[in-house]
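Please read them alongside the coordinates.

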Amino acid sequence: MVDGHPDASAPWQKGIEAGRRSAHAVAAAPFVLNLCSRQGGIRLGDTVKTVFVLPLHMDPLSIALTGVLSAAFGFGVLRLVLRRDSRIDLRQGLVAEGLGSRVAGADFTTPRAEFDRQLAKIQSQRRRFEADDTRQRTRNAARLEREEEARRKEEDARRRMEEAEARRAQEERLKREAEEEARLRAAREAEEARLAEEREAARQAELAEIEIQRQAEVEAARAQAEMEARAAAERSASELRARLEREGAASSDVQISLMWNNFNDLDLHVVCPSGERIHGGVKESPCGGVLDVDANVKPDTRRPIENVVWPQGIAPGGVYQVYVHHYKKHAKRRSRDPTRFSVIINAGDDIREYTGELTAGDPIKKVCEFTVDPPEVRAARREELHAQLAAADQALATGNFPTEEPEVEESLDLPPAPDLDEMVAAEPEPEPEPEPEPEPEPEPIAALMPAGIT
């Protein structure tokens, strides 16, 4: 009841109720209708201001439907307000005068039903659109997820392929580098080996040349020594023969003689090819060698000689070693040291001489070694020499000399042989003999021999 008119407010309240329902329906659409009222109620000519707050995220169809419904609602409210037979007074709430009377055309039943129907239809469409949109968004999300998954898989596959390709390229590069390094190393090693071989060949050639030169020098020195020994032997042959004849010593195709020129006692040692040793303690050997002269055991002569000889054609072939030992110095004869000596050997009619000197107390000294051909070889050479001598004698007897000129050997310009008698005479006379001193015991010969000689 407004201002004492209970019936006048009924239509207005119905309109307000319908407006509220419409407002709720429109808010569900969604939108908001605010009515701004002022004191004194709503009268004819008053302006009703509406504020529409639209959601920020609405599809165009919802916006269009919201606009249509808002316009219809505003039109209905404006029509109610502008009616001349109704005075509306809005005070403490909504008070409408004259709304309670029956007015033709003020029944909202049909519009309300239509409005509800349209609203339900819109809500149904909205729900359908929302469901379709949800399904579409779900499908789009699934599609995007599938596309993203496929893109991710493709990216992973591409990345794995690129990594595999990079690894393969890296492995091939490393393999090529290793092969190139191995090739270069092999080439370098081959070059180094070739250079080493060339250096070694050059070194070996140089060593061979040096060795050949050394051998030639050694051979020349040996030949020179043999030549000098033969020359010295020829020079000493007369003195050797004289001393051998004086002592009654024998001679043969293999013979070793020792000569010196004072009263000291030198011993001649000969080691046979079989290892047997002939000396003053063992004068005969099983191979046939004999020490037939052992001089100055007592100081008998200043021109002594010792002689080892084999019967003609009996001496075995092989290497002979000759040693000389200063066994004893006879103090009462006051002989001086060192004592010079000569060793003359006849090795199968090849005569050589070797010289040296020793002092009392010196170890046994190896003078030389020489090789003798086997007896049968020496015998054949001797027969050939006898045949040549017989042919020469026959040619001399008949005067039938061979036309081929014999080879002329170069004559050796040798100095004259020294006269040992003059050498002995040139030595100073010994001083008067002092009181004889006790003679020291000589060292055992076996202790003075080199190792390996028995």
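1. The expected span of a helix is 1.5 Å times one less than its number of residues. Helices (H or I, at least four residues) and strands (E, at least two) are DSSP runs, numbered from the N terminus. Helix α4 (residues 375-398) has 24 residues, so its span should be 34 Å, and its end C-alpha atoms do lie 34 Å apart.

2. This is a predicted model, in which local features need pLDDT of at least 70, side-chain atom pairs count only at pLDDT 80 or more, and totals for chains, interfaces and linings use all residues. Residues are numbered from 1 along each chain as its sequence is written, and side-chain values use heavy atoms, with hydrogens and water left out.

3. Arg378, Arg382 and Ala395 are the buried residues of α4 (under 20% relative accessible area, 1.4 Å probe, protein chains only). These residues pack against β3 (254-260) and β11 (contact: heavy atoms within 4.5 Å).

4. Strand β8 (residues 318-328) pairs antiparallel with β4 (residues 265-271) over seven bridges; pairing requires at least two DSSP bridges between two strands. Tyr323 of β8 is opposite His269. Seven bridges also join β8 to β11 (residues 365-372), again antiparallel, with Tyr320 partnered by Phe370 in β11.

Key. Buried means under 20% relative accessible area, exposed over 50%, partly exposed in between (1.4 Å probe, protein chains only).
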